[in-house]
Amino acid sequence: MEQENSFRYLPKINSPKDLKRLAVTELPAVCDELRRDIIKELANNPGHFASSLGTVELTVALHYVFDTPEDRIVWDVGHQAYGHKILTGRRDAFSTNRKFHGLCPFPTPKESAYDTFACGHASNSISAALGMALVALKEGSQRKVVAVIGDGAMSGGLAFEGLNNASEIPNNLLIILNDNNMSIDRPVGGMNDYLMHLHTSGAYNRFRFAVSRKLSDWGLLNESRRRSILRFNNSLKSLLTNQQNIFEGMNIRYFGPANGHDVIELVRVLREIMEMKGPKLLHLHTVKGKGFKPAEEEATIWHAPGKFDKESGLRAAENTKPKVRFQDVFGETLLELCRQNSKIIGVTPAMPTGCSMNILMREMPDRAFDVGIAEGHAVTFSAGMAKEGAIPFCNIYSAFAQRAYDNVIHDAALLDLPVVLCLDRAGLVGEDGPTHHGAFDLAALRPIPNLTIASPYDEHELRRLMYTAQLPGKGTFVIRYPRGSGRLGDEWQCPLEEVQVGTGRKLKDGADLAVLTLGPLGTEAAKAIEEVEQKTGRSIAHYDMRFLKPLDEDLLTEVVQKF
């Protein structure tokens with residue numbers, strides 16, 4: 001176990017003010033300690049691992065250069081922000097991260113003034129930060145606002161909506177794109193590196209500002225001309241480098257790409273561009289899992305690896321036989337159905353491993369699509385395929401599916417298209433906290449016309465419902481199931497049989513009371529029923545509703561007449 005006295009700097013950093021007292025040449029050592037501290041903590045208290053290792057230098061540089069929390073840092077994809085939590089007064093409490101009554105797993109303003117916005121879901125940083133930047137500008141405040149987006153979040157539609165608006169309204173927003181090879185390819189060539197240094201150098205920008213002031217004094221630099229000059233500058237850069245990017249096309253001043261693991265250079269660049277007027281984007285290349293070799297080599301596995309040995313890199317899960325989870329049954333059953341039905345196609349928004357659609361991708365890569373962090377697109381993309389005769393199984397985490405609510409209504413249900421929505425992580429999900437709880441899907445989806453909504457009691461029922469959903473004439477079909485394993489474990493396989501839509505089943509007869517359940521919670525109810533009967537001698541019936549919509553009216557009639 002790494003001893004506290006092995007750290008020279010971290011024990012003395014209780015806030016970014018303490019960090020600012022250090023010389024810039026000491027920052028690499030701070031980064032080394034911060035990275036080791038994250039590794040030490042997460043080896044025993046599991047959490048999101050690789051993403052935060054990749055942002056260590058950026059985190060240190062941001063808090064060193066900007067006056068937080070007065071200056072606003074808006075994180076996107078909050079699992080990048082463990083280093084941020086440690087540097088902002090929460091190091092002593094970090095062992096409680098993701099625990100009941102402990103630190104929240106993602107930044108939240110309810111926990112700290114340094115957490116400027118909620119960021120459990122991806123792609124909202126630019127929009128939120130733009131709102132903050134606009135208010136600062138209107139108030140005449142010198143407050144700086146920075147949006148840190150990355151880890152694939154730029155693929156979300158909301159990010160592009162924010163970019164589009166940032167290019168049109170007055171603001172001084174700085175967007176930092178943490179590109180860890182999940183979103184934008186790495187440019188190459190010496191000219192690119194030269195322009196990076198040129199466009200962030202003090203001499204270049206002093207010259208640029210001087211010219212801008214002169215043009216303004218002469219009355220020649222209104223907003224229209226400023227945009228024209230920026231477009232000319234971007235065109236010249238594109239001509240010289242034979243490269244062009246979407247940001248400059250939107251008149252957002254672009255810097256990069258830079259090495260996101262050179263903290264001293266990051267400090268220099270941030271200091272040079274922080275005072276620049278107008279929207280700007282700094283593009284950084286980072287390595288997910290930086291500083292821990294197993295995580296660098298297999299970033300997906302080490303995104304949230306569970307407990308592990310920080311010396312050997314051996315994960316605790318590798319020492320025991322893994323339990324069969326609902327998601328595994330989904331993945332195996334989807335592959336089985338695809339082999340039977342050539343019309344079935346798998347769709348997931350950036351969660352192929354998390355929902356086990358990687359099983360289908362591995363065996364039939366042309367039958368499964370990862371569309372990126374774009375839940376609304378995933379549903380409408382599925383609806384488009386369904387309109388042309390395909391049967392898409394669109395798997396989205398329940399909490400993330402909230403973002404596709406309009407798409408479910410407008411593009412799938414109202415057209416009564418055969419889209420099968422599989423909502424993984426339904427219900428409470430424990431350590432990931434309130435932003436990830438799939439607690440709203442039943443209430444939210446129930447009023448939507450043409451939907452069938454079902455929840456399986458166990459793994460066998462999940463397989464049967466999946467089989468039923470792809471049969472002709474079933475329309476838009478929702479199947480929701482929880483995180484983790486069910487009651488059957490290794491006995492999950494069973495024949496694929498149709499379930500009559502809108503029918504429940506009586507699991508146990510009784511004379512005194514009736515318990516009605518929906519979904520896997522029924523297995524816990526069954527245990528409770530047995531215990532109560534043993535203690536009280538009462539006779540309790542148990543009904544598994546299976547469908548929230550349509551409800552089994554015959555079963556309900558039986559219940560209300562008897563009980």
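This is a short chat about a predicted protein model.

Me: What kind of model is this, and what pLDDT do local features need?
Reply: The model is predicted; local features need pLDDT of at least 70, side-chain atom pairs count only at pLDDT 80 or more, and totals for chains, interfaces and linings use all residues. Residues are numbered from 1 along each chain as its sequence is written, and side-chain values use heavy atoms, with hydrogens and water left out.

Me: How many helices and strands does the protein have?
Reply: The protein has 22 helices and 15 strands. Both are DSSP runs numbered from the N terminus: helices are H or I with at least four residues, strands are E with at least two.

Me: What share of the residues is buried?
Reply: Of the 563 residues, 54% count as buried. Buried means under 20% relative accessible area, exposed means over 50%, and partly exposed is in between (1.4 Å probe, protein chains only).

Me: And contacts, what share joins residues at least 24 apart?
Reply: Take contacts between residues at least 6 apart in sequence: 76% of them join residues at least 24 apart. Contact means heavy atoms within 4.5 Å.

Me: Which residues have the most contacts inside the largest nonpolar core?
Reply: They are Phe 49, Val 60, Leu 62, Ile 176, Leu 270 and Leu 282, in a core of 53 residues. A nonpolar core is a set of buried Ala, Val, Leu, Ile, Met, Phe, Trp, Tyr and Cys residues joined through side-chain atoms within 4.5 Å.

Me: Which helix gives the most to this core?
Reply: Helix α2 (residues 27-44), with eight residues.

Me: What is Leu 270 in contact with?
Reply: Ala 61, Leu 62, Val 65, Phe 66, Leu 174, Ile 176 and Leu 282. That leaves aside neighbours within four places in sequence.

Me: Which residues does the second core include?
Reply: Phe 326, Ile 344, Trp 492 and Val 499 are included. That core is separate and has 31 residues.

Me: Switching to rings. How many aromatic pairs are there?
Reply: The structure holds 12. In Tyr 82 and Phe 94, the ring centres are 5.3 Å apart and the planes are at 75°, so this pair is edge-to-face. Rings of Phe, Tyr and Trp (its six-membered ring) pair if their centres lie within 6.5 Å; planes under 30 degrees apart count as stacked, over 60 as edge-to-face and the rest as tilted.

Me: Where do Tyr 82 and Phe 94 sit in the chain?
Reply: Tyr 82 is in helix α5 (residues 82-90), and Phe 94 is in the loop between α5 and α6 (125-138). They are 12 residues apart. Tyr 82 is buried at 0% relative accessibility, and Phe 94 is buried at 2%.

Me: Why is the pair of Tyr 397 and Phe 400 stacked?
Reply: Their planes are at 15° and their ring centres 5.4 Å apart, so the pair counts as stacked. Tyr 397 and Phe 400 are buried.

Me: Which residues do ring pairs link into a cluster?
Reply: Phe 49, Phe 292, Trp 302 and Phe 308.

Me: What sits over the ring of Phe 7?
Reply: The charged end of Arg 91, 5.3 Å from the ring centre. A charge sits over a ring if NZ of Lys or CZ of Arg is within 6 Å of the ring centre and within 35 degrees of the ring normal.

Me: Now cysteines. How many disulfides?
Reply: The count is zero. A disulfide here is a pair of cysteine sulfur atoms within 2.5 Å.

Me: How far is the nearest cysteine sulfur from Cys 422?
Reply: It belongs to Cys 394 and is 8.4 Å away. Cys 422 is buried, with a relative accessible area of 0%. Cys 31 is buried too, with 2%.

Me: Backbone next. Which peptide bond has omega near 5°?
Reply: The one from Thr 68 to Pro 69, which is cis. Pro 69 is in the loop between α4 and β1 (72-75). Another cis peptide bond joins Gly 256 and Pro 257, with omega about 0°. Pro 257 is in strand β4 (residues 253-259). Most peptide bonds are trans, and most residues other than glycine have a negative phi.

Me: What phi does Ser 123 have?
Reply: Its phi is positive, about 85°, although Ser 123 is not a glycine. Ser 123 lies in the loop between α5 and α6 and is buried at 0% relative accessibility.

Me: And Asn 450, where does that lie?
Reply: Asn 450 lies in the loop between α19 (441-445) and β10 (451-454). Its phi is positive, about 70°. Asn 450 is partly exposed, at 37% relative accessibility.
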